[in-house]
Amino acid sequence: MSTKLKILNVELGDKSYPIYIGRDLLSDKTYLEKHISGQQVMVVTNSKIEPLYLDKVKNLLGNFQVQVTILPDGEQYKTLETVNSIFDALLEAKFDRSATLIALGGGVVGDITGFAAASYLRGVDFIQIPTTLLSMSDSSIGGKTAIDVNNIKNLVGSFHAPSLVVSDLLALDTLPQRQINSG
């Protein structure tokens, strides 16, 4: 169980959402469950984050139909081709409008997942679980989602607020000092 949970509320009218900040939040399923409306959940992460946190998140989702999409790591993969791979996985699993996408990773994963959530069936819920200091303090907040097109950063995007942000500070313990400094 986490200690010293801090909850910040982002007030956006009917699109308002909480940001949970604390240590070891990924060991308590109550933080996620109440923000997932349907039974279908897709966790989107990358090859670098998968071995660190995917099993923890999947353990929190035992009551749901869970699919996982693992993206390659890096800004160069923030493309329409990558988003299409998420769409293909959603279609193959027959995910409907009640689906929730979970972005597990840094800003690139959050941007791609948020853009996919904003676009799939004209918008489904998504949850941000940021794993870098920069994504915890910036990119996971506000609903900015985008992909790069023709090597132009964030050229195509949408504003699509998450239904929840879970910032587990234990993730910061695995980051190199350079990542901490960039945050």
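Q: What volume does the second largest pocket have?
A: About 210 Å³. Keep in mind that this is a predicted model.

Q: How many residues line that pocket, and which lie nearest its centre?
A: The lining has 13 residues. Nearest the centre are K15, D125, H160, A161 and P162.

Q: How does the lining divide into nonpolar, polar and charged?
A: The lining residues of the second largest pocket split into 7 nonpolar, 3 polar and 3 charged.

Q: Switching to helix 2. Which of its residues are buried?
A: Helix 2 runs over residues 50–60, and its buried residues are Y53, L54, V57 and L60.

Q: Why are those on the same side of helix 2?
A: Because they cover an arc of only 120 degrees around the axis, they fall on the same side of helix 2.

Q: And what is exposed on the other side?
A: P51, D55 and N59 are exposed there.

Q: OK, aromatics. How many aromatic pairs does the structure hold?
A: There are 2 aromatic pairs. In one of them, F87 and Y120, the ring centres are 6.4 Å apart and the planes are at 25 degrees, so the pair is stacked.

Q: Where in the chain do F87 and Y120 sit?
A: F87 is in helix 3 (residues 80–92), while Y120 is in the loop between helix 4 (107–119) and strand 6. They are 33 residues apart, so the pair links distant parts of the chain.

Q: Is F87 buried or exposed, and what about Y120?
A: F87 is buried, and Y120 is buried as well.

Q: What about L121, what is its phi?
A: L121 has a positive phi of about 50 degrees, although it is not a glycine. L121 lies in the loop between helix 4 and strand 6. Its relative accessibility is 33%, so L121 counts as partly exposed.

Q: And the phi of R122?
A: Also positive, about 65 degrees, and R122 is not a glycine either. R122 is placed in the loop between helix 4 and strand 6.

Q: Why is R122 called exposed?
A: Because its relative accessible area is 79%, and exposed means over 50%.

Q: Back to helix 4. Is D111 buried or exposed?
A: D111, which is found in helix 4, is buried, with a relative accessible area of 11%. The cut-off for buried is under 20%.

Q: What does D111 touch?
A: Not counting residues up to four places away in sequence, D111 touches K78, K144, T145, A146 and N154.

Q: Last one, L8. Where is it found?
A: L8 is in strand 1 (residues 3–10). L8 is partly exposed, with a relative accessible area of 38%.

Q: Which residues does L8 touch?
A: Leaving out residues up to four places away in sequence, L8 touches Y17, P18, I19 and I21.

Q: How far apart are L8 and T82 in space?
A: L8 and T82 are 31 Å apart, C-alpha to C-alpha, and 74 residues apart in sequence.

Terms used. Residues are numbered from 1 along each chain as its sequence is written. This is a predicted model: local features need pLDDT of at least 70, side-chain atom pairs count only at pLDDT 80 or more; totals for chains, interfaces and linings use all residues. Side-chain values use heavy atoms; hydrogens and water are left out. Buried means under 20% relative accessible area, exposed over 50%, partly exposed in between (1.4 Å probe, protein chains only). Helices (H or I, at least four residues) and strands (E, at least two) are DSSP runs, numbered from the N terminus. The arc is that of the directions from the helix axis to the C-beta atoms. On a 1 Å grid over the protein atoms alone, a cavity is a set of points where a 1.4 Å probe fits but cannot get out, and a pocket is an open set with protein on both sides within 12 Å along at least five of seven lines; lining residues have an atom within 4 Å of a point. Grid points are joined across faces, edges and corners, and a volume is the space filled by probe spheres set on the points. Ala, Val, Leu, Ile, Met, Phe, Trp, Tyr, Cys and Pro count as nonpolar, Asp, Glu, Lys and Arg as charged, and the others, Gly among them, as polar. Rings of Phe, Tyr and Trp (its six-membered ring) pair if their centres lie within 6.5 Å; planes under 30 degrees apart count as stacked, over 60 as edge-to-face and the rest as tilted. Contact means heavy atoms within 4.5 Å.
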